[in-house]
Each structure stands twice: as structure tokens, then as C-alpha cells.
Amino acid sequence: MAKNKTRYICQECGYVSASYLGRCPNCGAWNSFIEETTTPTQAAAQPRVTTTGSKIQPQKLTDVTIEKENRIKTQLGELNRVLGGGVVPGSLILIGGDPGIGKSTLLLQVSGQLAQTGGKVLYVSGEESASQIKMRAGRLTVADSGMYLYPETDMPSIQAAIDDLQPDYVVIDSVQTMNVPDMNSAVGSVSQIREVTAELMRIAKANQITIFIVGHVTKDGSIAGPKTLEHMVDTVLYFEGDMHHTYRILRSVKNRFGSTNEIGIFEMHQNGLEEVANPSEIFLEERLAGATGSAVVVSMEGTRPILVEIQALISPTMYGNAKRTSSGLDHNRVSLIMAVLEKRANLMLQNQDAYLKATGGVKLDEPAIDLAMAVAIASSYRDQEILPTDAFVGEIGLTGEVRRVNRIEDRIKEAAKLGFKRIFVPKNNLNGFNPPDKIEVIGVTSVGEALHKVFN
Ligand SMILES: Nc1ncnc2c1ncn2[C@@H]1O[C@H](COP(=O)(O)OP(=O)(O)OP(=O)(O)O)[C@@H](O)[C@H]1O
Ligand SMILES: [Mg+2]
Ligand SMILES: [Zn+2]
């Protein structure tokens, strides 16, 4: 009998220590260590198997045949887009998100669709009873032929059910509730989560089963359990959104089978998630005509241009230091733009509080949003409105220059499509390029020039 070993593991980052520590030396979290006893298991060396079950041998690169990538399209085009064109059979997909955001809803809907098109789906839930899931399925009008529910948390039982049923797809809701019994650590601990995921990975690859794993998210927004979990799976998606809005955004942060820039946009309804085919319209829906401090940017989200309103509220600081608050926009970028405006466009902003916001719950992080931010700030500061039919694209440098951005044609086209009359873009972007005639394209070289043209 192997000797039990006690060790302490940080539940935030997975750091292992031989003694209890109050603070993790690796990630700095307090009281994050939990005692875990491990019995070293004498696991028989298991040969790695291919997706078809045969043993792997080293082979020459020239001899490797490329298997035709076979993607299963779900009926949710937005999900297909985020996955890089559909579900890759045999892949392990982790979906993280805040409590109640709609992870189970999304996967139940997808399961129903996959079942409807002939796939066999096993939906394993450690959080809800079969009748609870059935009730939700009724609300979402999920067709239930070909779909199996299994309220279970015990991994060997789940493994047995998979062997027995031979499904094409498995949903594990959620990884934090699953339990590998021969481990002495608590359900939901880092060691458990890691072990459960490793087991699921083996099942997925050995049987060519696609497994969707739901993962809860910690307060700081990462999937609970260490980063290693993200390294183990093929694809990591985050389902996010504002609880107060109906929009939900599916974002890929890792994808072995596609780009990680794509986002999928959904709207949560009584009868489930619906795709948003034209996101720009939604993000601009509630714009107040004639308001100051509002500018529209055409931001690229993956391959798709999306128009988003950026709002700024600038008001004199009453006491103490000037405040800079932003939501959906990078805080440092806000500070930088304000400093540039102060120095290069003579706006006295140092004794002004600034609140900035990208509307609709989106997060914008590309440099091309700089110009819209600068214009929104100037508009609020001067209390001068911007024409509601103006849009802005451009990166701003420290000398106040407006720098070239990528995909300018797509951006201009999208703005024209939504009825914008003018778009301000970096002048350098306009070399050898024929803009569509529905929209006036105005090239600017500096932020000062841009403000002059916008407000005069
Ligand atoms: N009857 C209803 N009508 C409309 N929307 C509903 C209804 N019931 C639930 N919802 C929506 O579904 C959301 C919960 O979805 P779901 O249970 O899929 O989330 P989850 O991410 O799986 O949550 P958890 O972390 O608790 O498992 C609610 O926040 C709400 O927005
Ligand atoms: Mg759930
Ligand atoms: Zn840690």
C-alpha cells in the first residue's frame, strides 16, 4: 500500500506547497491553500491512442496524412463562427461563464439541435435533476429524441454510461461538481478538476466523442481551477454578458481549430438563446440623438466589423484627485488618450473626472477605437454634440497623430450599410482606395485636425 502524502494546493493557481501557507507565493491569493492527500496511484503505463483507437507510433512527417477536417455545423451560426466553422469531432470544449449567465441553456439548446440532426447526446448534470433539465428543455422547446439525461457526478459511472451508450456528444455540467473517487481531495478542488478533465480528455480522444465541459468562473473572471485546465482542452470559450442586458457574448480565448478573435452574439429570451444576426443595429439601438459625449466606432471583432457607441462623461473634479473610470474599455488607454488630448489638443482635462463606457456590454480592446474615444471625450468636455451620422476609426499616437488601422474597407462598408453619412479615418489608410459613394470618407492626420473637422 502506497503511503499517503499530504500537500497543500493553491486553489487559484494550482501552486503546490509541502506546508500550509497563508498567501500564495505564486499568484498572491490569500487563504487559497487547501490540504489534499494523494495516494500515488500505480497507474499502468497506458499507451496513447489515436482518435481511432490504434496505438501511436513515431512516423515521418512526410508520411503523415492529413485527415479531412470534418466539422459539424450546429444550427447556431454564431457558435459555429466562434468554434472556427463548426464542432470538430473528438474535441474537448470548455465553456466558462458567470453563474446564471446561460451556460446550461446554451448547451441544452445545442444538444437538442445535435440530437435532432442524428447525433446521440449524453447530457450529464451534477447540478440539476433530470426533471429540472426536462423543464428547461420544455421551455426552450428542445426536441428530445436522441438525447439522454444523466444526473451523476461520479466519474466511473459516467465512464460506464459512455461505454454503454456510445454517444457522439457528451455535455458535462459542470466540471466542478464531478468526482473521481480514488482521490482524497474534495470535489471542486484543483486536483479533482484536473483529474476529471484529464479523464474526459482521454475519453474524448479514444472514442472520438466531442465533449462540452461547463466551468464556473471565479470572482476575477477566470475559470475556477488553475490555468492548466485551459491548457488541457482544445477550445476555451467564455460566455459573458451583462446580467442586466439580454445580450450574451460568446468569446473564444483558445482554439486549436480556429482563430480566437471571433465572437458570437446572442440574445437571451424566455424560450432560449437567439442569435443576433446584425449586432451593430443592437448596439446602436438606444442611442440618444443630440446627446453630447457619444461617438460611434467601427470595431473589428474577429473578421466582423461591429459598430459600437462609446460614451464619455467629463465633469469637474469636486475634491481630491481626478477620477478615471471606464467600463468595456481599457483603463490605461483612457488615461493615455486624455493625456494626449491635454497636451496636443489643448483640452484642460487634468481637473476633470472622466467616465467612459462602451455600450451594450461589449469589451473593446483594439487601438482603432482611440479616435472615437477622443472625440467623445472632447464632445462631453466642450458640451458640443457630434452629428449622429458620424463614425470614427483610428489609432492615436503619443504625438497626437492618427495612425493607420487594419481592414479599413470592411469598416467603412459596415458604417455605410448602417446609414452613416460620414466616417473619419486615418489619412494614411486612404492611399489607393476607392470609398463607396454612399458615405463621405474624411481622412485626418492628427487628433487636433479631427476635432476641428468634427466640431466646425
Ligand atoms: N423563465 C425564464 N424566462 C426567461 N429567461 C429565463 C427564464 N428562466 C431562466 N432564464 C434565463 O436563464 C438564465 C439561467 O440560465 P442557465 O441556468 O443556463 O445559466 P447557467 O450559466 O447554467 O447558470 P449556473 O451557473 O447556475 O449553472 C437566467 O439568468 C435567465 O437569464
Ligand atoms: Mg447551469
Ligand atoms: Zn496561487
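Hi everyone, let me begin with T74, which sits in the loop between strand 3 (33-38) and helix 1 (77-82). Helices here are DSSP runs of H or I with at least four residues, strands are runs of E with at least two, and both are numbered from the N terminus. Before I go on, please keep in mind that this is a predicted model, where local features need pLDDT of at least 70, side-chain atom pairs count only at pLDDT 80 or more, and totals for chains, interfaces and linings use all residues. Residues are numbered from 1 along each chain as its sequence is written, chains are lettered from A and ligands numbered from 1 in the order in which they are written, and side-chain values use heavy atoms, with hydrogens and water left out.

Is T74 buried or exposed? T74 is buried, because its relative accessible area is 6%; buried means under 20%, exposed means over 50%, and partly exposed is in between, with a 1.4 Å probe and protein chains only. The side chain of T74 makes a polar contact of 2.8 Å with the side chain of N80. By polar contact I mean a pair of N or O atoms within 3.5 Å; within protein, one must be able to donate a hydrogen and the other to accept it, and residues adjacent in sequence count only if both atoms are side-chain atoms. The T74 side chain also reaches the backbone nitrogen of L76, at 3.2 Å.

Now the whole chain. It has 11 helices and 21 strands. Its C-alpha atoms fill a box of roughly 80 × 55 × 50 Å along the principal axes, and 49% of the 456 residues count as buried.

Next, let's visit ligand 1. Which residues come nearest to ligand 1? Of the 15 around it, they are G100, K103, S104, T105 and Q270, where near means having a heavy atom within 4 Å. The shell divides into three nonpolar, six polar and six charged residues. Here Ala, Val, Leu, Ile, Met, Phe, Trp, Tyr, Cys and Pro count as nonpolar, Asp, Glu, Lys and Arg as charged, and the others, Gly among them, as polar.

Look at the oxygen atoms of ligand 1. One is 2.9 Å from an N or O atom in the side chain of R136. A backbone N or O atom of G102 lies 3.0 Å from an oxygen atom of the ligand, and for I101 the distance from a backbone N or O atom to a ligand oxygen is 3.3 Å. The protein covers 67% of the 650 Å² of accessible area that ligand 1 has on its own, by the Shrake-Rupley method with a 1.4 Å probe. Helix 2 gives the most to the shell, with three residues.

S104 is in helix 2 too. S104 is buried, as its relative accessible area is 12%, and its side chain makes a polar contact with the side chain of D173 at 2.7 Å.

Finally, the largest nonpolar core. It has 49 residues, and I310 and L341 have the most contacts inside it. Such a core is a set of buried Ala, Val, Leu, Ile, Met, Phe, Trp, Tyr and Cys residues joined through side-chain atoms within 4.5 Å. Helix 9 (residues 370-382) gives the most to this core, with eight residues.
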